[in-house]
Structure formats: C-alpha cells, structure tokens
Amino acid sequence: MLNTRTSEAAAVVFLLDVDNTLLDNDRFGADLGDTLEQAFGPAGRERYWAIYEELRQQSGFADYLGALQRFRTGLDNDPSLLQMSSYLLDYPFADRLYPHALETVAHLRTLGPTAILSDGDVVFQPRKIQRAGLWAALRGEVLIYLHKQQMLVAMQQRYPAAHYVMVDDKPHVLAAMKQRLGHKLTTVFVRQGHYAADSAGETIDPAADLTIACIGDLRERKLGDFLPSAPVIPLPAN
C-alpha cells in the first residue's frame, strides 16, 4: 500500500490508466448506445453521442453524465430518461475488466507501490472504478484529474518516487508525460481499445518504452523490465 502521509520517496511507483487499459470501455460504450436506441430510437442514440462528443471536445474527457443532463431537453416527461441514471451508475463494470486485469494489479503491487491515474469527472469515473472492483484492488490509491498529463507535479507530491511507470492505451498521453518527466518515467503502451487502434501507423515522439498486446502481459514482467538500462561506459584505452 502507498503511504500518502509521508514524504519518503519510493523506488518505483506504478501508475495505471483505467479506460481501455484495465477495463473495456469501448464495450461499455456499445452497451450504452444499444440501451439508448432501445429507449429513444436511433435518432435519440445519435443525439446523445453528438452531445457527448461536443462535451468531450470542450472538456477533454468523457462526460457521460453531463451528456445525459443535456440530453434531457425535451424528454422531461419520458419515463425512460430517469432510468438512464441507474443504468449508468449501476452498470456492471466488473464484467468489463480485461482478462487478468486484477491479477496484473496484484502482481504490480508486489513490485512496487501501485495507483490508478485516470482522467474523468468526480462522480462517474470514481463510481466506475468502484463498480469494477479496482478501487478495492488498489486499496483506494486513485487519482482522477481532468488532464492527468498536466498534473504530474501534483501526482509526484501525492506519490513521491525515484522512478515512475505509466501504463496507458493512449500513446499521445504517454508521449506527453514522457516529455515532462523524461528518464524518470517508463511508458508502457497497451494495444487495447479504439485509441490504440487509431494510432496504428502514426509516428509518435517519443515512442513508448514498452509495448504490450494486453494488460495481462504485465503479469510476467519483473521489476528490472521497467527500469531504464544503465548507460554503457566505455573502458579506458590501455
């Protein structure tokens, strides 16, 4: 467990994204879309996602509850509208965890202090993490920011360490974090979800230090796999 009440630095802290890293958020989105269409028809589904996308462009994170608030316009007398609240807040996110996600969390915690570092709002994202069983698995070590790559000073104040490892499905976020922390950070790109697929073929600088196919691949990794290699010092000439 991380000790957040002391300034003593850990050797290595592992930081884990949530959406499409530990759980299949694309599957949740598909389920939500199907539920919206059943309740409000194809036009209602398209209208919700248009609102969602507009909010995402404005805020930079997925705001499902905010989109639902705007979506209510003209639907105040529709009984299906209020049922969408419980659908979102009680969605079985534990069923959307990727295979071996909890085992991976448990394994990383044997290597060093481990915490969630996620983007999101302060209601739905914590609820999602709790419903997935991740809050309990991480013993409540959770950080949620609007833009985590811009909050690295705050993250280091909460979890001081000599080195950090960030696991994420978004290579652009990893690159932004690497540009700020440099050799103090090892970036791990997990090829899961639509953001990872959309980045295929792109040149991203700096590239991730490690690339894995799925989150469960980290169960076989040792601590040394995440640490930067020592520089090769040439021997003096005789």
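**Strand pairing, helix packing and selected buried residues**

Phenylalanine 14 stands opposite valine 165 in strand 4, a strand that comprises residues 161–168. Strand 1 (residues 10–16) is joined to strand 4 by six bridges, and the two run parallel. On another flank, three bridges connect strand 1 with strand 2 (residues 114–119), again in parallel, and leucine 15 is placed opposite alanine 115 of strand 2. Two strands are taken as paired if DSSP finds at least two bridges between them. In a regular strand, side chains alternate between the two faces of the sheet. Six of the seven residues of strand 1 are buried, so that the strand is mostly covered; buried denotes under 20% relative accessible area, exposed over 50%, and partly exposed the range in between (1.4 Å probe, protein chains only).

The model is predicted: local features require pLDDT of at least 70 and side-chain atom pairs count only at pLDDT 80 or more, whereas totals for chains, interfaces and linings use all residues. Residues are numbered from 1 along each chain as its sequence is written, and side-chain values use heavy atoms, with hydrogens and water left out.

The protein contains nine helices and six strands. Helices (H or I, at least four residues) and strands (E, at least two) are DSSP runs numbered from the N terminus. Taken along the principal axes, the C-alpha atoms fill a box of roughly 85 × 40 × 30 Å. Of the 238 residues, 47% are buried. Among contacts between residues at least 6 apart in sequence, 67% join residues at least 24 apart, a contact being defined by heavy atoms within 4.5 Å.

The six strands form an open sheet in the order 3-2-1-4-5-6, with parallel pairing. Strand 3 (142–145) and strand 6 (210–212) are the edge strands, each pairing on one side only. On average, neighbouring strands of this sheet are turned by 20 degrees against each other, direction ignored. Helix 4 (101–111) lies across strand 1 and strand 2 and runs at about 165 degrees to strand 1. Helix 8 (residues 171–181) lies across strand 2, strand 4 and strand 5, at about 175 degrees to strand 5. For these angles, axes are lines fitted to C-alpha atoms, for helices over the stretch in contact, and angles run from 0 to 180 degrees between N-to-C directions.

Within the sheet, leucine 117 belongs to strand 2 and is buried, because its relative accessible area is 0%. Leucine 117 and leucine 16 are 101 residues apart in sequence, yet their C-alpha atoms are 5.6 Å apart in space. Residues up to four places away in sequence not being counted, leucine 117 touches Leu15, Leu16, Asp17, Leu143, Tyr145, Lys148, Met155, Met166 and Met177.

Threonine 186 is located in strand 5 (residues 185–190) and counts as buried because its relative accessibility is 6%. The side chain of threonine 186 reaches the backbone oxygen of phenylalanine 226 at 2.6 Å. With neighbours within four places in sequence left aside, the contacts of threonine 186 include His163, Tyr164, Val165 and Met166, together with Lys178, Asp209, Leu210, Phe226 and Pro228.

The C-alpha atoms of tyrosine 98 and alanine 137, 39 residues apart along the chain, are separated by 14 Å.

Among the helices, helix 2 (residues 64–71) has Tyr64, Gly66, Ala67, Leu68 and Phe71 as buried residues. These buried residues pack against helix 1 (25–59), helix 3 (79–89) and helix 5 (124–131). The axes of helix 1 and helix 2 come within 8 Å and cross at roughly 105 degrees. Helix 1 is therefore roughly perpendicular to helix 2; angles under 35 degrees count as roughly parallel, over 145 as roughly antiparallel, 65 to 115 as roughly perpendicular and the rest as oblique. By class, the contact of helix 1 with helix 2 has 13 nonpolar, four polar and three charged residues. In this scheme Ala, Val, Leu, Ile, Met, Phe, Trp, Tyr, Cys and Pro count as nonpolar, Asp, Glu, Lys and Arg as charged, and the others, Gly among them, as polar.

Terms used: Polar contact = N/O pair within 3.5 Å; in protein donor to acceptor, adjacent residues only side chain to side chain.
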